[in-house]
Amino acid sequence: MVTRRQQLALVGFLQAQNCTTIPAAWRHPEARLDFTTADYYRHIGRTLERGCFDIGFFDDRLAMPDMYGHDHTHTVENGIRCVKLDPTAVLMAMGMATSHVGLGATYSTTYHQPFHVARVFSTLDHLTGGRAAWNVVTSVNDNEARNMGLDHGLAHDARYDQADEFMAVVHGHWDTWDDDALVMDRDAGLFARGDRVHRLDHQGEHYRSRGPFTVPRTPQGHPVVIQAGQSARGSRFAARWGELIFVSNLQLASARASYQALRTQAAELGRDPDSMRVATLVFPVVGRTRAEAEDRKAAFDALTKDIDELSLLSEGLNFDFSTKGLDDTFTAEELASLSGIQAIRDRVIERSGGAEPTVRDFMRITSRASLNHAVVGDPSDIADHLEEWFTTPACDGFVIGSSHQPAALEHFVDLVVPELQRRGLVRERYTGTTLRDHLGLAVPRPGAWTSA
Ligand SMILES: Cc1cc2nc3c(=O)[nH]c(=O)nc-3n(C[C@H](O)[C@H](O)[C@H](O)COP(=O)(O)O)c2cc1C
């Protein structure tokens with residue numbers, strides 16, 4: 001009999017936009033294009049729940065990709081993630097159509113106030129009966145900065161320094177209502193105990209926030225915190241604050257090493273490494289037979305374009321790739337100056353083996369606009385791959401990306417999940433009601449995060 005902890009976590013990687021992370025998604029004949037309707041998100045939520053997923057989570061950016069050539073024309077013409085709906089509003093539509101699956105959304109620490117973010121996610125946690133999670137990002141692009149009153153984003157590590165204080169304020173507010181603060185005794189005329197609701201009175205380098213917070217403690221104590229930092233600074237942040245941690249790793253050996261490193265880092269910060277779950281991003285392409293899966297992959301690959309790749313590279317690395325030809329190289333100084341997602345840059349440096357990488361190398365190695373970490377095969381091939389990574393162990397679960405939606409997710413739920421259930425790796429039904437129940441994460445006691 002497999003216990004909860006021995007089952008892998010399943011996370012649906014969702015986008016409140018016109019495509020998945022892969023721009024070609026909207027071009028696929030099976031893709032639904034009613035991405036501005038509640039029905040689209042309700043359907044995806046029910047699909048995840050049918051597959052006993054722990055959580056579906058929406059990524060976010062605060063700008064459409066227009067770093068390439070500093071122009072958005074190519075973005076909207078090619079449908080390169082040019083639509084971005086507010087993920088928390090979309091999440092509520094999904095929450096009202098489901099009863100168990102966890103619900104996560106991304107909000108940036110760089111462009112919001114901590115009081116606001118703490119309140120949005122506490123509200124979601126109450127209204128969904130304890131299923132909410134916040135994916136904490138620091139935002140990578142100058143075009144996001146320009147939508148928010150600034151010319152440039154902060155430098156990479158500075159973003160995380162500021163985010164540390166942001167997290168302390170958010171957790172501070174989440175902890176200001178004691179569990180027994182609410183009384184609601186009409187006869188005694190006492191709504192809540194005055195001495196059980198505290199002011200935060202935070203005054204720091206970046207933020208000042210007084211309180212008291214206006215949302216009582218939530219069903220999960222507080223929403224689950226998701227993080228995906230992967231650089232040295234980013235993973236220190238993830239190890240400090242993350243409860244569910246997303247990673248992207250293509251090789252089993254390096255994934256195993258970074259999984260262990262993250263757990264060690266958490267332990268060094270005084271945390272129990274078992275108090276977090278690490279989920280690796282994969283893009284399963286499944287068919288009833290291996291040949292059907294390979295045909296599906298080939299049909300999808302035929303839909304991708306070079307401009308998708310160049311546009312998303314420009315976004316990810318905060319650099320305008322239209323300033324270079326496809327065979328132009330990057331000097332060491334240029335590489336060092338890239339301020340976006342450091343893990344992308346570092347992967348290109350590592351895989352170029354000392355040579356100065358060309359734009360083509362960036363496109364080939366990062367494949368940001370095509371199926372990266374694709375696992376192609378029949379249900380048992382996919383289950384074998386996930387089982388190997390999980391038992392090695394290189395992770396505690398998987399972020400399931402989709403070529404296109406909702407079809408690719410449906411294929412996974414209908415074909416792969418039953419095979420994983422047969423192997424005892426995925427639950428057959430939900431046994432708890434909150435996201436913490438699904439992930440096997442304890443309800444935190446007040447002060448646990450701010451006193452760490
Ligand atoms: C599965 C996954 C989802 C992510 N979602 C977002 C997102 O929604 N918005 C965002 O700005 N960054 C997102 N990121 C990027 C991370 O927040 C982070 O910036 C990246 O992994 C690089 O790490 P670094 O910031 O330490 O360089 C995501 C990363 C992964 C692996």
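The following legends describe close-up views of a predicted model.

Local features are given where pLDDT is at least 70, side-chain atom pairs count only at pLDDT 80 or more, and totals for chains, interfaces and linings use all residues. Residues are numbered from 1 along each chain as its sequence is written.

**View 1. The two domains.** The protein is divided into domain 1 (4-289 + 374-439) and domain 2 (305-369), with bounds that come from an automatic or database domain assignment. The centres of domain 1 and domain 2, taken over C-alpha atoms, are separated by 26 Å. Contact between them involves 19 residues of domain 1 and 19 residues of domain 2; two residues are in contact if their C-beta atoms, placed from the backbone, lie within 7 Å. On the side of domain 1 that touches domain 2, helix α2 (residues 73-78) gives the most, with three residues. By class, that side of domain 1 has nine nonpolar, nine polar and one charged residues. Here Ala, Val, Leu, Ile, Met, Phe, Trp, Tyr, Cys and Pro count as nonpolar, Asp, Glu, Lys and Arg as charged, and the others, Gly among them, as polar. Helices (H or I, at least four residues) and strands (E, at least two) are DSSP runs, numbered from the N terminus.

**View 2. The shell around the ligand.** Domain 1 and domain 2 both give residues to this shell, so it lies between them. There are 21 residues around the ligand, of which Asp59, Ala228, Ser231, Gly234 and Phe246 come nearest; a residue is near a molecule or strand if its C-beta atom, placed from the backbone, lies within 6 Å of it. At least two residues of the shell are supplied by each of β4 (132-137), β10 (244-247) and α12 (342-352). The classes represented are nine nonpolar, nine polar and three charged residues.

**View 3. Packing of helices α1 and α15.** Helix α1 (residues 38-50) packs against helix α15 (residues 407-422) at an angle of about 20°, and their axes are 9 Å apart. Axes are lines fitted to C-alpha atoms, for helices over the stretch in contact, and angles run from 0 to 180 degrees between N-to-C directions. The angle makes α1 roughly parallel to α15, a term for angles under 35 degrees, whereas those over 145 count as roughly antiparallel, 65 to 115 as roughly perpendicular and the rest as oblique. Ile44, Thr47 and Arg50 of α1 make the contact with Leu409, Glu410 and Val413 of α15. These residues divide into three nonpolar, one polar and two charged.

**View 4. Packing of helices α3 and α4.** Helix α3 (residues 87-96) and helix α4 (residues 114-127) pack at about 5°, with axes 11 Å apart. That angle makes α3 roughly parallel to α4. From α3, Thr88, Leu91, Met92 and Gly95 meet Val120, Leu124 and Leu127 in α4. The contact of α3 with α4 comprises five nonpolar, two polar and no charged residues.

**View 5. Backbone features in loops.** Most residues other than glycine have a negative phi, and most peptide bonds are trans. A cis peptide bond joins Thr392 and Pro393, with omega about -5°; Pro393 is placed in the loop between α14 (379-391) and β13 (397-400). The bond from Gln405 to Pro406 is also cis, with omega near 0°, and Pro406 is found in the loop between β13 and α15. Cys52, although not a glycine, has a positive phi of about 55°. Its place is in the loop between α1 and β2 (55-58).
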